[in-house]
Amino acid sequence: MTRVLEILPVEDCFDKDLMREITCDEPIDEALIARFEKNGELEYFKDFPRPYFKFSYHHVCIVQGVLGNRTMRATLSRSASSSVLEDIVQLIEKGELHGRQAEEVLRVG
Amino acid sequence: MDRSHFNYLNNAATSYPKPKRVLEAVQRSLQEPPSEPGRSRQNQDPTLPCRERLAKLFHVPAPNQVILTPSATVALNLVIAGCLHEHPKGNCLSTRLEHNSVIRPLEHGRKRFGTQTIYLDPDQDGRIASSSLLRYLDKETRLVVCTQASNVTGCIQPVEEMAEITAEYGVPFLIDASQSAGCVELKYNELPGQVYVAFAGHKGLFGPMGTGGLILPDNSLEPILTGGTGIQSESLLQPASLPIRYEAGTPNLPGIAGLAAGAEFVLERGIESLGMHRDSLVRSLREKLTRNPRIHLSPLADSDGRAGVVSFRAEGWSTEELGFILGESFGIETRHGLHCAPLIHKTIGTEPQGNIRASVSAFNTEDDILKLADALERLVKP
């Protein structure tokens, strides 16, 4: 199973304190994309030169990436709770989630 | 992903590839025993070829009017801080097209010297009407600053007309040629009044990153950086002579050697010819993108594409996502976001996300344009 090696903030033109780059120990494959599909809304563009996916987790985190890359990009919404990235890591590494409800991934207050 | 196979369309940030002679010049500079201007036993000042070629490119009367700096940002700061330091308060005139390398020094000038800046809006074509200066110029105006070409839209500004006006009012005029140097002709010797020109070395002049410069009329500005110059060391104050008055510290000789080679390349090819090449690619891309009603191009006065920039947004995609897909999936390197020019996006309707910018250089071909147009056709269904 894929392991997450590091998660780093992405510096960008904007104040991107909500954007992270997730680096894995192996390239993103179809199996990982299928795991995303089971656990949220997935858009998968297989016909692109390098297939591209976009996974939305309870509308508080968008993960996007390309088949074959070791990195993917996660964009958190301001309302995301701190546990959301842990959920994404668990999904990547273990292929399953806690089964949290939407309200559980929202920041309180 | 192996970036060497990218279709590189981010030349407005940094030109790539560089002419072979630039690589060779940098390598040669590093391989030879160091010789520094004023500090070595060699008679030849190693920075002189660079100054001479830049002076020729910009039609500057004397090479010592070309100051070599680590970036256009340093050059812009030198003029803005120098002008405001000597005459605090009052006002500056600039435009909403400017890069943060102009806006931030002006806004810090507001804090430090109490100088207010008025930012002029471009017209619908993306151009500043030179006559709009007349509305705000007065005896309290300390400086006028305008880009020669917007780094967001590529739109070329009438800086020659502006210089006529600022000269009439006796106000110094700072032209930011970061995006236009090597792309658009600027005849410094024909500009009246006290004109300064800041330029980047790593874009249209094909030099390495970390190079740039300033063209100035005289030594009247207060230097913002002082230090060793290798000559007149007995003086405890910065020497008055040009160019060392504004060049404290050990120069970036490998970078300067590369910039000299880049300037030589531009002189040989000719600014007009290089500009025509960029213009033809820009017109081709704009013509293709205009066919798609869901792609919205930024304004470009007279469709003049000599600066080599096409910027746009596409319905149905955030600029961040579209830029990511173009790069990672299609292998086309563009730039997305605000491009460090936050004020213009409100004017052209691309706030808050900014836009996608594709920018071409001497080494791009119609094939690069076709690849981007094809990718956008697939991504943005009309």
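Leaving aside its neighbours within four places in sequence, with which residues is B:Y169 in contact? In this predicted model, the residues that meet B:Y169 once those sequence neighbours are set aside are B:L137 and B:T141. B:Y169 belongs to helix 6 of chain B, which spans residues 159-169, and the C-alpha atom of B:Y169 is separated by 7.9 Å from that of B:K139, although these two residues are 30 residues apart along the chain.

As to confidence, the average pLDDT of chain B is 95, and 97% of the residues of that chain score at least 70. For the complex as a whole, the predictor gives an ipTM of 0.87 together with a pTM of 0.93. Where pLDDT is low, the predicted coordinates should not be read in detail.

Helix 1, which comprises the 12 residues 20-31, reaches 17 Å from its first C-alpha to its last, a span close to the 16 Å expected at 1.5 Å a residue. Within helix 1 of chain B, the residues B:V22, B:A25, B:V26 and B:S29 are buried, and they lie on the same side of the helix because they cover an arc of only 95 degrees around the axis. In general, an α-helix has 3.6 residues a turn, so residues three or four places apart point the same way. The cover over the buried residues of helix 1 of chain B includes helix 7 (253-269) of chain B, while B:K20 and B:Q31 are exposed on the other side of helix 1.

Helix 11 of chain B, formed by the 14 residues 366-379, extends 20 Å from its first C-alpha to its last, which is close to the 20 Å expected at 1.5 Å a residue. Its buried residues are B:D368, B:I369, B:L372, B:A375, B:L376 and B:L379; viewed down the axis of helix 11 of chain B, these buried residues fall within an arc of 130 degrees, so they line one face of the helix. The exposed residues B:E366 and B:D367 are carried on the face of helix 11 of chain B that is turned away from its buried side.

The largest nonpolar core contains 128 residues, of which B:V79, B:Y196, B:V197 and B:A198 touch the most other members. For B:A198, the contacts that remain when neighbours within four places in sequence are left aside are B:A72, B:A75, B:L76, B:V79, B:L174, B:D176, B:A177, B:S178 and B:L214; one of these, B:V79, is also named among the core residues that touch the most other members.

Chain A has 2 helices and 6 strands, which follow one another along the sequence in the pattern β-β-α-β-β-β-β-α. Of its 109 residues, 28% count as buried, and residues 24 or more positions apart account for 44% of the contacts in chain A with a separation of 6 or more.

The contact between the chains takes 13 residues from chain B and 11 residues from chain A. On the side of chain B that touches chain A, helix 9 (residues 319-328) gives the most, with 4 residues. By class, that side of chain B has 6 nonpolar, 5 polar and 2 charged residues.

Notes:
Residues are numbered from 1 along each chain as its sequence is written. Chains are lettered from A and ligands numbered from 1 in the order in which they are written. This is a predicted model: local features need pLDDT of at least 70, side-chain atom pairs count only at pLDDT 80 or more; totals for chains, interfaces and linings use all residues. The expected span of a helix is 1.5 Å times one less than its number of residues. A residue is buried if 20 or more other C-beta atoms lie within 10 Å of its own, exposed if 12 or fewer, and partly exposed in between; C-beta atoms are placed from the backbone. The arc is that of the directions from the helix axis to the C-beta atoms. A nonpolar core is a set of buried Ala, Val, Leu, Ile, Met, Phe, Trp, Tyr and Cys residues joined through C-beta atoms within 7 Å. Two residues are in contact if their C-beta atoms, placed from the backbone, lie within 7 Å. pLDDT is the predictor's confidence in each residue, from 0 to 100. Ala, Val, Leu, Ile, Met, Phe, Trp, Tyr, Cys and Pro count as nonpolar, Asp, Glu, Lys and Arg as charged, and the others, Gly among them, as polar.
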